[in-house]
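Trainee: I would like to learn how to read the features of a model one at a time. Please give the general idea where there is one, and then the case at hand.

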Amino acid sequence: MNDFEPGRPVLLRGGTVLPMDDARSVLPGTDVLVLDDRIAEVGRDLVAPEGAAVVDASDGIVMPGMIDTHRHMWQTAMRGYGADWTLTQYFVWYYLEHGKNFRPQDIHAGNTLAAIEALDAGVTTCVDWSHGLQTVDHADAAVDALRSVPGRFVLAYGNLQQPPAVWSGAPEFRDFVNRRITGDDLLGFQLAFDVTGDPSFPEKPAFEVARDLGVAVTTHAGVWGATSDDGIRLMYDNGFMTPSNIYVHCASLSADCYHRIAATGGAISVATESEQSAGQGYPPTWAIRAHRIPVSLSMDTSVWWSGDLFSAMRSTLGADRSREHLEAQAKGDTVTHSSLRADQVVEWATRGGAAALGRSDIGSLAVGRKADVVLIKNEHSPVSFPVLNVYGHVAFQAQRGDVHTVLVNGRVVKHDGRLVGIDLAAARREVEETVEYLRATLGEEEWRKGMNPDIPESKVLDNPYQYTDYQSSATRSGATAEA
């Protein structure tokens, strides 16, 4: 008998609970009871219902499932391939040269692996920024993959091979929406496209489609060399900046554009590992905080970076604090108190994501909320103790290997560090087939070239201090001293 068969009550016993309430409370020695898909009780010494599965959460941290608001899940089949890319090389590879080679089954393979990976890392809700949907067959494959994994997902429909006005206006797209987007609580829907800044605003029809469907738009904004202030101004002037919008990156915008986002109520998805490495601009949390814009976190794509929000929290704190120190020291000053704190990034990884998605029923642990729950506990790791600053431990010490138990919608999908009811071997076979196909399609030379971009020639600075001169000087000094 499966210890965690659907519908069985689950009691997480005696953990340190982070409910992610307004006070950012820490509740030691606290139980969380899950009945069906909801949190039924949070408190000490709760009575376990008859037949409940009891999970020992002592010495562990119980927190809401994390929420990633921007991940190109279809690219996960190429994990790590672009580790040395710049954003330019990413655009060339996917947009101009090889993105068109992905078949529906390749979208399915990437989405399946990404969905499993998210759950394994305690990410219970993930926005699939799915801009590889060249046809509705690709879109059907993406949804089939998401449906096959017991997580909570949002399909953000996009197509990098066509202008958004074209694919969003096609009859087959509307048919897809009618067939596949049925209001299921575990599958949300957005439109995903970028605004280039063309004064004719060719993206306007796509915004009108989103308005007609009553769905949010997620867009890469403030990406250096790609999407600029002009795109934000066009959205604002045409009345398409709404509270449901999610603006991704926003790393190279003017203060005027931040004001527009703040005034219209949208949220920004920060992908710090991406912004630090690819070149969208400096991770903008310092500016976002100044304008009091809601923040969520995201990982972007596993073709470059990791797929867990522990990395997002850690890198976001590091980038924000690095900038603060750098700016202060440039003025001959010293930072004595950090502005961005660990509890803030943990909130961005949970409640921040829920707010961006317009979901008040996830992202926190309270009676009546959806039971998306993560237990961080690793009895085999010396890093699991002591836990003194709980939020600091989550942000700086924990990692995906410390995710002990995960529940989504009340269902246990990981326990004791192992996935539950998920066929990882099948996902591996599917991804291997995709990699083999893409490698054969590109040819070995092109495949290796794409993975190993040219290294630009660098100039080595002339050093006026030569060791031989120092050694000669030291020898002469010694001889003088002896004399």
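Trainee: In which helix is the place of His 291?

Mentor: This is a predicted model, and in it His 291 belongs to helix α10, which covers residues 285-291.

Trainee: Is His 291 buried or exposed?

Mentor: Burial is read from relative accessible area, and the cut-off for buried is under 20%. His 291 has 19% relative accessibility, so His 291 counts as buried.

Trainee: With which residues is His 291 in contact, leaving aside its neighbours within four places in sequence?

Mentor: The contacts of His 291 are Ala 255, Tyr 258, His 259 and Ala 262.

Trainee: Now a second residue. Where is Ser 274 found, and what does Ser 274 touch?

Mentor: Ser 274 sits in helix α9. Its relative accessibility is 0%, so Ser 274 is counted as buried. Setting aside neighbours within four places in sequence, Ser 274 contacts His 249, Gly 279, Gln 280, Asp 300 and Trp 305. For a sense of distance, Glu 324 is 50 residues from Ser 274 in sequence, and the two C-alpha atoms are 19 Å apart in space.

Trainee: His 249 is in that contact list. What is the phi of His 249?

Mentor: Most residues other than glycine have a negative phi, and most peptide bonds are trans. His 249 has a positive phi, near 80°, and is a residue other than glycine. His 249 is part of strand β11, residues 246-249, and with 2% relative accessibility His 249 counts as buried.

Trainee: Which phi does Arg 24 have, and where does Arg 24 lie?

Mentor: Arg 24 is not a glycine, yet its phi is positive, about 50°. Arg 24 lies in the loop that runs between β1 (10-17) and β2 (27-35). With a relative accessible area of 26%, Arg 24 is partly exposed.

Trainee: Which residues does the cis peptide bond join?

Mentor: The cis bond joins Phe 385 and Pro 386, with omega at about -10°. Pro 386 is in the loop between β14 (373-376) and α13.

Trainee: How do I read a pair of packed helices?

Mentor: Two packed helices are described by the angle between their axes and the distance between the axes. Take helix α12 (residues 342-356) and helix α13 (residues 390-397): the angle is about 70° and the axes are 8 Å apart. The two helices are therefore roughly perpendicular to each other. The crossing of α12 past α13 is left-handed. On the α12 side the meeting residues are Ala 342, Asp 343, Val 345 and Val 346, and on the α13 side they are Tyr 391, Gly 392, Val 394 and Ala 395.

Trainee: At what angle do helix α7 and helix α8 pack?

Mentor: Helix α7 (residues 229-237) and helix α8 (residues 255-264) pack at about 35°, and their axes are 10 Å apart. This crossing is left-handed. Asp 229, Ile 232, Arg 233, Tyr 236 and Asp 237 of α7 make the contact with Cys 257, Arg 260, Ile 261 and Thr 264 of α8.

Trainee: Which residues of α7 are buried, and what do they pack against?

Mentor: The buried residues in α7 are Asp 229, Gly 231, Ile 232, Leu 234 and Met 235. They pack against α6 (204-213), β10 (216-221), β11 and α8. Just after α7 comes Gly 239, with a positive phi of about 75°.

Trainee: Which residues are buried in helix α1?

Mentor: In α1, residues 87-98, they are Leu 87, Tyr 90, Trp 93, Tyr 94 and His 98. Viewed down the axis of α1, these residues fall within an arc of 135°, so they line one face of the helix. Thr 88 and Leu 96, on the other side of α1, are exposed. The cover over the buried residues of α1 includes α9 (272-278), α14 (424-442) and α15 (444-451).

Trainee: Last, the nonpolar cores. Which members of the largest core touch the most other members?

Mentor: They are Leu 155, Tyr 157, Leu 191 and Met 313, in a core of 102 residues. Helix α2 (residues 104-120) gives the most to this core, with six residues. A second, separate core has 18 residues, among them Val 34, Ala 53, Ala 371 and Leu 407.

How values were computed: Residues numbered from 1 in each chain as written. Predicted model: local features only at pLDDT ≥ 70, side-chain atom pairs only at ≥ 80, totals over all residues. Heavy atoms only, no water. Core = buried A, V, L, I, M, F, W, Y, C linked by side-chain atoms within 4.5 Å. Buried < 20%, exposed > 50% of the residue type's maximum accessible area, 1.4 Å probe, protein only. Helix = DSSP H or I, 4+ residues; strand = E, 2+ residues; numbered from the N terminus. Arc of directions from axis to C-beta. Contact = heavy atoms within 4.5 Å. Axes fitted to C-alpha atoms, helices over the stretch in contact; angles between N-to-C directions. Parallel < 35°, antiparallel > 145°, perpendicular 65-115°, else oblique. Left-handed = near helix turned anticlockwise from the far one by under 90°.
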